[in-house]
Amino acid sequence: MSSLAAIVLAAGQGTRMRSRIPKVLHPMAGRPMIGHVLDVLAAIDADPVVVVTGHGAEAVEAALGDTARSVRQEPQNGTADAVRVALAAVPDDSTRVLVTMGDVPLLPHALLAALVAEQEASGAAIVLLSAHLLDPTGYGRIVRGPDAGLQAIVEEVDADPATRALDEVNAGTYCFDGSWLRANLERVPRSPSGEYYLTDLVGLAVADGTAVRVIAASRPELAMGINDRVQLAVAERLLRTRIAEDHMRAGVTIVDPDSTFIDATVRIGQDARIEPWTVLTGDSVIGEEAVIGPGSRVHGSTIGNQARVWGSWVEDAEIGEGASVGPMAHLRPGSVVGPGSEIGNYAEIKKSRLGARVRQHHFSYLGDAKVGDDVNIGAGTVTANFDGTAKHETVIGDGAFIGVDTMLRAPVTIGPGAKTGAGSVVTRDVAAGKTVVGVPARPIELRRRRGGEPPDA
């Protein structure tokens, strides 16, 4: 039974990125570049996947976690040497070995599958990926013979003018016959620079009369590696276009994909609508028929079915079914908004849990609070949760009515059905069903007995 292993070359420094971050760790659509490469290898059932690390090895290996095996190439003596190091972690019974780079995040899995299928069907020692480029400067040229078969790969520095005029280049991705690769890798000569190059295997195979096949990518921009930040930006735009198109084909309306940014890690339910200038990042989950935007930012959050987030920021929070947030609201980490609740403009919530059908329409702050069902939070309400040393909790029971400009000095509990008058400063617990008014807030009947007309509740 045939098996497929994969080797990912990720040891290079990537000097043209001009970055202290290893090139393969630069983020694209919410994931490190190399993460997208590993995704496509998983899609074609490559096992094991061995990543060759070198420059920034510790950071790359930490980012990989348990998603792939890793081996270090020390020192970095070229691509053939990197494959030699990796083969020690590839089982001997792997009949095919796919070799690609950690900086090709756009490779479609169908293209890699075609590469593997061609090797299996033809029995060729090598099947390599090529691309036709408008500007092939800097790449090794594919030289074909009269029968259109591969004759050689000529590096630009060694190419004559006629060869440099060729527009077909080596894309750096190969599928090898596993036995042939193991038997011939040590034949690769040392280059004048002291390194060993994988492309020399092609020359060895051609010289031996061993079959080598080439598959040309129909979309060259998806097959080539990323070398600098200009190419990174172009690649990310292509990736985000692909992500948006996948969502739209799955039944999501994206009004203007060009102004919408969706990470690869985001999940969106059927018939959701994403309005312009919306950014969805992290492990966010958007429910069915939800409407997000325009101008919203949702990170690492769960948005319920039929909920609405309008012109607001939501971070590591949860919004229940049919709830409405915004415009200009801010849900900070740890916030939970119950189903059917309404969070209005300039409302802020931090590390608080709101029940169902809560109304917090405008200009208010709830921090470290537990709010029951059917509660009204009046404009200007603030939970004073920090005493300068520690945070404290505010608890508001079901059906409570918090009047405008109420200050709740935590720790404090407002009982079910209780009310606070406008401008109250509540420093003590309020019993269920009671109404408190004033500064400091006292039960309304006590103020009546002392004389003076209390303010309206």
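1. Helices (H or I, at least four residues) and strands (E, at least two) are DSSP runs, numbered from the N terminus, and a contact means heavy atoms within 4.5 Å. The helix itself spans residues 200–208, and its buried residues are Leu201, Val202, Leu204 and Ala205. They lie on the same side of α7 because they cover an arc of only 160° around the axis; the arc is that of the directions from the helix axis to the C-beta atoms. Buried means under 20% relative accessible area, exposed over 50%, and partly exposed in between (1.4 Å probe, protein chains only). Just after α7, Gly209 adopts a positive phi of about 80°.

2. Basis of the model. The structure is a predicted model, in which local features need pLDDT of at least 70 and side-chain atom pairs count only at pLDDT 80 or more, while totals for chains, interfaces and linings use all residues. Residues are numbered from 1 along each chain as its sequence is written, and side-chain values use heavy atoms, with hydrogens and water left out.

3. Overall form. The protein has 10 helices and 42 strands. Its radius of gyration is 31 Å, whereas a compact globule of 457 residues would have a value near 23 Å. The radius of gyration is taken over C-alpha atoms, and the globule rule is 2.2 Å times the number of residues to the power 0.38. Along the principal axes, the C-alpha trace spans about 110 × 45 × 40 Å. Buried residues make up 50% of the 457 residues. Among contacts between residues at least 6 apart in sequence, 39% join residues at least 24 apart.

4. The largest pocket. This pocket holds about 1600 Å³ of space. Of the 49 residues that line the pocket, the closest to its centre are Arg16, Thr79, Met101, Glu155 and Tyr197. The elements that give two or more residues to this lining are β1 (4–10), α3, β6, β9, β10 and α7; β10 gives the most, with four residues. By type, the lining divides into 20 nonpolar, 21 polar and eight charged residues. Here Ala, Val, Leu, Ile, Met, Phe, Trp, Tyr, Cys and Pro count as nonpolar, Asp, Glu, Lys and Arg as charged, and the others, Gly among them, as polar. On a 1 Å grid over the protein atoms alone, a pocket is an open set of points with protein on both sides within 12 Å along at least five of seven lines, and a cavity is a set of points where a 1.4 Å probe fits but cannot get out; lining residues have an atom within 4 Å of a point. Grid points are joined across faces, edges and corners, and a volume is the space filled by probe spheres set on the points.

5. A search of the whole structure finds one cavity of 30 Å³ or more. The largest cavity holds about 30 Å³ of space and is lined by Arg240, Ile243, Ala244, Ile254, Pro257, Thr260, Phe261 and Ile262. The elements that give two or more residues to this lining are α9 (229–249) and β13 (261–262). The largest share, three residues, comes from α9. Six of the lining residues are nonpolar, one is polar and one is charged.

6. Ser94. This residue is placed in the loop between α3 (79–87) and β6 (96–101). Ser94 counts as buried because its relative accessibility is 3%. Leaving aside residues up to four places away in sequence, Ser94 touches Ser3, Ala5, Gly178 and Arg182.

7. Cis peptide bonds. The bond from Asp47 to Pro48 is cis, with omega near 5°; Pro48 is in the loop between α1 (33–43) and β4 (49–53). Val439 and Pro440 are also joined by a cis peptide bond, with omega about -10°, and Pro440 is in the loop between β41 (435–437) and β42 (442–443).

8. Arg357, which is not a glycine, has a positive phi of about 60°. This residue lies in the loop between β29 (353–354) and β30 (359–360), and Arg357 counts as partly exposed because its relative accessibility is 42%. Phe363 also has a positive phi, near 50°, and lies in the loop between β30 and β31 (364–367).
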